[in-house]
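Hi,

Here is the structure I promised to pass on. Have a look at it first, and then read on for what turned up.

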Amino acid sequence: QVQLVESGGGLVQPGGSLSLSCATSGFIFSFSAMSWYRQAPGKQRELVADISTSGSTNYADFAKGRFTASRDNAKKSVYLQMNNLKSEDTAVYYCYVVTFGRWGQGTQVTVSE
């Protein structure tokens with residue numbers, strides 16, 4: 001059974017940092033491309049970053065220079081380091097396994113004074 005479990009969200013002030021994790025099970029992680037998405041209130045879910053099986057990454061324009069996606073195949077996990085957070089980054093962040101089209105439950109990130 002494919003499972004994705006995000007963690008690491010929370011409340012942070014503008015300019016702060018958060019590190020999200022996504023632990024996976026139920027599939028061959030090292031063979032699977034992964035993605036991070038986010039969904040803000042009242043908005044559609046949008047892509048944040050892709051990370052290939054080799055670890056190469058692509059980012060949405062808003063994430064470039066501030067967010068870093070990575071993966072650890074031994075731990076079957078993907079990560080999203082977010083720096084210089086802005087209020088507009090407030091959203092539920094999800095990880096997604098491309099091969100199976102499955103989502104995690106999401107983790108809330110709130111950027112506010």
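Glu 46 is partly exposed, with a relative accessible area of 33%. Its salt-bridge partner is Arg 38, and the closest N and O atoms of that pair are 2.8 Å apart. Arg 38, by contrast, counts as buried, at 6% relative accessibility. Bear in mind as you read that this is a predicted model.

Arg 38 has a second salt bridge, to Asp 89, where the closest N and O atoms are 2.9 Å apart. Arg 38 sits in strand S4 and Asp 89 in the loop between S8 and S9, so this pair ties together parts that are 51 residues apart in sequence. Arg 38 and Asp 89 are both buried. As background, side chains of opposite charge can pair when their charged atoms come close.

How many salt bridges does a search of the whole structure find? The count is four. One of them joins Asp 61 and Lys 64, with the closest N and O atoms 3.2 Å apart. Asp 61 is exposed, at a relative accessible area of 63%.

Now for the strands, starting with S9. Six of the seven residues of S9 are buried, so this strand is largely enclosed by the rest of the structure. Here is what S9 pairs with:

- S4 pairs with S9 in the antiparallel sense, over six bridges. Within that pairing, Gln 39 has Val 92 in S9 as its bridge partner.
- S11 also pairs with S9 in the antiparallel sense, over three bridges. Val 92 turns up here as well, standing opposite Gln 108 in S11.
- S10 (residues 102-103) is antiparallel to S9, with two bridges between them. Val 97 has Arg 102 in S10 as its bridge partner.

The hairpin of S9 and S10 has four residues between the strands, and Gly 101 there takes a positive phi near 65 degrees.

S9 matters for the core too, in terms of numbers. The largest nonpolar core has 27 residues, and the members that touch the most others are Trp 36, Leu 80, Met 82 and Tyr 93. Strands that each supply at least two residues of this core include S4 (34-39), S5 (46-51), S9 (91-97) and S11 (107-111). The largest share comes from S9, with four residues. In soluble globular proteins, nonpolar side chains tend to be buried together.

There is also an open sheet of four strands, in the order S1-S3-S8-S7, with antiparallel pairing. At its edges are S1 (3-7) and S7 (67-72), each of which pairs on one side only. From one strand to the next the twist averages 15 degrees. S7 and S8 (residues 77-82) are joined by six bridges in the antiparallel sense, and Ser 70 stands opposite Tyr 79 in S8.

Thr 24 is worth a click while you are in that sheet. Which strand holds Thr 24? Thr 24 belongs to S3 (residues 18-25). Thr 24 is buried, with a relative accessible area of 9%. The side chain of Thr 24 reaches the backbone oxygen of Lys 76 at 2.8 Å. Neighbours within four places in sequence aside, the residues in contact with Thr 24 are Gln 3, Leu 4, Phe 29, Met 34 and Lys 76.

That brings us to Lys 76 itself, which is found in the loop between S7 and S8. Lys 76 has a phi near 55 degrees, a positive value in a residue other than glycine. Is Lys 76 buried, partly exposed or exposed? At 39% relative accessibility, Lys 76 counts as partly exposed.

Asn 84 has a positive phi too, of about 50 degrees, although Asn 84 is not a glycine. Asn 84 lies in the loop between S8 and S9, and counts as partly exposed at 42% relative accessibility.

That's what I have for now.

Cheers

Technical notes
Residues numbered from 1 in each chain as written. Predicted model: local features only at pLDDT ≥ 70, side-chain atom pairs only at ≥ 80, totals over all residues. Heavy atoms only, no water. Pairing = 2+ DSSP bridges. Axes fitted to C-alpha atoms, helices over the stretch in contact; angles between N-to-C directions. Buried < 20%, exposed > 50% of the residue type's maximum accessible area, 1.4 Å probe, protein only. Polar contact = N/O pair within 3.5 Å; in protein donor to acceptor, adjacent residues only side chain to side chain. Contact = heavy atoms within 4.5 Å. Core = buried A, V, L, I, M, F, W, Y, C linked by side-chain atoms within 4.5 Å. Salt bridge = Lys/Arg side-chain N within 4 Å of Asp/Glu carboxyl O.
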